[in-house]
Amino acid sequence: MPDTAPAPRIIQRPSLRQRLARAWDGDIAYSFRRSPSVVVSAIVLALFVVLALLAPWLAPQNPFDPATLNLMDGKTRPLAPNAFTGNRFLLGTDDQGRDVLSVILYGSRLSLLVGFSSVVLSLLIGVSLGLVAGYGGGALDSVIMRTADVQLTFPSILVALMIFGIIRGFLPPQAHEQAAIPVLIVAIALSAWPQYARTVRGVTMVERNKEYVQAARIIGLHPIQIMLRHVLPNVIGPVLVIATLGLALAIIAEATLSFLGVGVPPTKPSLGTLIRIGQEYIASGEWWILFYPALSLLVLSLSVNLLGDWLRDALNPKLR
Amino acid sequence: MLAFIILRLLQATLVMTVVGFVAFSLFRYVGDPVSNMLGQEATLADRAAARQSLGLDQPFPVQFARFVGQTVRGEFGVSYRQARKVSTLLAERLPATLELAMVSAIFAVAAGIALGVFTALHRTGWASRFIMTASLIGVSLPTFLIGIGLIYLFAVELRWLPSYGRGDVVKLSWWSTGFLTPSGRKSLILPAITLGLFQMTLIMRLVRAEMLEVLRTDYIKFARARGLSNRAINLGHALKNTLVPVITITGLQLGAIIAFAIITETVFQWPGVGLLFIDAVQFVDIPVMSTYLLLVALVFVFINLAVDLLYYAVDPRLRVDTSRVSH
């Protein structure tokens, strides 16, 4: 802003550009710029998101559409022409003639979709239950937190498997295929909520007794309004860190469930499905079916993990 | 001490009751047990008879009590998919999983403590640096990729070890063991390493961090001043004092080993309960699912209890202060 501005304008909100500039000079952006591995991870993740979003236009083939597949193309080596059809594929094909590159693009789309949706869903569940437990206290608090305790005793992958099986039990068999992805999202989300609930509850119990919350209570705001408008913004920092690390966990959980054969339906292969198929062929020399999806999964989860670690350190004032 | 044990036992009973309730609700309310067991062609009279023999016409508390009674006696119902008793299926599969879990737990603890002590004592050596970096990569890899990597290296390329199954097993009454045949022992190596690797790195990092902390303390300096041998200082004085957190983590991770065996068993086609459970989830085989849930809960509760009791054996301070400090 020009310095000719009249005095009252000082209390006006700074323009977007100023705020961006200030953020760029701030501690978080500084620690971001300083660490090359974090910058690379951010670029890799952004690249994955863009590639996944543009998959229908970028992929040479739609691996979810059986009509475009040719069984004769099956098990083609990368870049070498197929023995029957003469088609070439950059990363080869799997046993059913699906182009590995296309499956990786569509598969990461599925992985990111399941990952992001389940993190958002478990955030919603965990944060609201944590707020209610921490702000309300009493019997509701003990019920919510004991449930979380019991669930946390078991590894989350086991909980996700169990919930997946239970939801399928309620659905008619013919709906299993269609509902597989939503069921997967719900199962992974329900296996992760206690982490968020615990953190939010802890911070909320501290914030509840601060003066600004007391002031809000005195002017007669509804508890829900206090929780959402006043307490929530102050507990969101640590939650963001868990959410980032949770994204990596959700992506790996999706891959693991699909690898176990209980995740996405076989007609919609994700990275885990392709790794499962690829494992059958490592003994016979078709390494590319396994190698490229495994590499993509590794790079994806590693970059999300690195970002999460960085965010945890950057948002922790004790480490600065 | 006694009060503490009783409190813990009560908590354990409570958790088992809750899990039992969940398992019962699964069996009772997910799908219709009668049509699951009789199939589509059953007549109405057949259904009513089955309903009565299963006790489904009785009020809820009676049904639950009956379920608990059957479970305690080891009757878990009949698998919908395999039409065999769940208890028989479990008896067939359990030895495979328990042997695998035991070997990988021993591997995780032994290798974890040894490498942890080594990296703590030779902090700046190239070998320790290599081990620490490798462990970091190992932690961020999904279990199934590690398993496949090991299969590729040792079974496909080097052809040293089998890539799937248990090899030859010997029957000792109902327990089938792979320990007694060469092929059984060879088949155990890769799955056990895959399953135990994560826990191994965890224990290693923990032991290393604790050791570094303890080695800085005054009593270690004093022990050195007294002229004790390095071996006595490192193992007798330093390592012993790192064991309390190690026992906690190891105990809790043992339960995780049983659960993560699901993934390892799928990778290596290991005929254990994990593979049975995956099959059950795929085909919504509720009796098998709820029995597995009960089994895993029992293992977890038992391990937690054992860990709490082990504290007393390891840490003398807890034994002295029990009258004043409440837990």
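Predicted model: local features only at pLDDT ≥ 70, side-chain atom pairs only at ≥ 80, totals over all residues.
L275(B) lies in helix 12 of chain B, helices here being DSSP runs of H or I with at least four residues and strands runs of E with at least two, numbered from the N terminus. Residues are numbered from 1 along each chain as its sequence is written, and chains are lettered from A and ligands numbered from 1 in the order in which they are written.

L275(B) counts as buried because it has 21 C-beta neighbours inside 10 Å; the class requires 20 or more other C-beta atoms within 10 Å, with 12 or fewer for exposed, partly exposed in between, and C-beta atoms placed from the backbone. Apart from neighbours within four places in sequence, L275(B) is in contact with E265(B), T266(B) and W270(B), a contact being a pair of C-beta atoms, placed from the backbone, within 7 Å. The C-alpha atoms of L275(B) and E265(B) are 6.0 Å apart, at a distance of 10 residues along the chain.

Chain B comprises 14 helices and 2 strands. Its C-alpha trace spans about 85 × 60 × 35 Å along the principal axes. Of the 327 residues in chain B, 33% are buried. Among contacts in chain B with a separation of 6 or more, 69% join residues 24 or more positions apart.

Helix 1 and helix 13 of chain B pack at about 170 degrees with their axes 9 Å apart, where axes are lines fitted to C-alpha atoms, for helices over the stretch in contact, and angles between N-to-C directions run from 0 to 180 degrees. Helix 1 of chain B is therefore roughly antiparallel to helix 13 of chain B, given that angles over 145 degrees count as roughly antiparallel, under 35 as roughly parallel, 65 to 115 as roughly perpendicular and the rest as oblique. Residues in this contact include R8(B) and A12(B) of helix 1 and L305(B) and D308(B) of helix 13. The contact divides into 17 nonpolar, 2 polar and 2 charged residues; Ala, Val, Leu, Ile, Met, Phe, Trp, Tyr, Cys and Pro count as nonpolar, Asp, Glu, Lys and Arg as charged, and the others, Gly among them, as polar.

The axes of helix 5 (residues 86–121) and helix 6 (residues 126–140) of chain B come within 9 Å and cross at roughly 130 degrees, which means that helix 5 of chain B is oblique to helix 6 of chain B. The crossing is left-handed, that is, the near helix is turned anticlockwise from the far one by less than a right angle, clockwise being right-handed. L115(B), F118(B) and T119(B) of helix 5 meet S128(B), I131(B) and M132(B) of helix 6. This contact holds 4 nonpolar, 2 polar and no charged residues.

In chain A, helix 3 (residues 36–53) and helix 12 (residues 288–314) pack at about 130 degrees with axes 9 Å apart. These two helices of chain A are therefore oblique to each other, and their crossing is left-handed. The contact includes F48(A) of helix 3 and W310(A) of helix 12.

Between the chains, 29 residues of chain B are in contact with 29 residues of chain A. Helices 1, 7, 11, 12 and 13 of chain B each give two or more residues to the side of chain B that touches chain A, and helix 7 of chain B gives the most, with 6 residues. This side of chain B has 24 nonpolar, 5 polar and no charged residues.

Notes: Contact = placed C-beta atoms within 7 Å.
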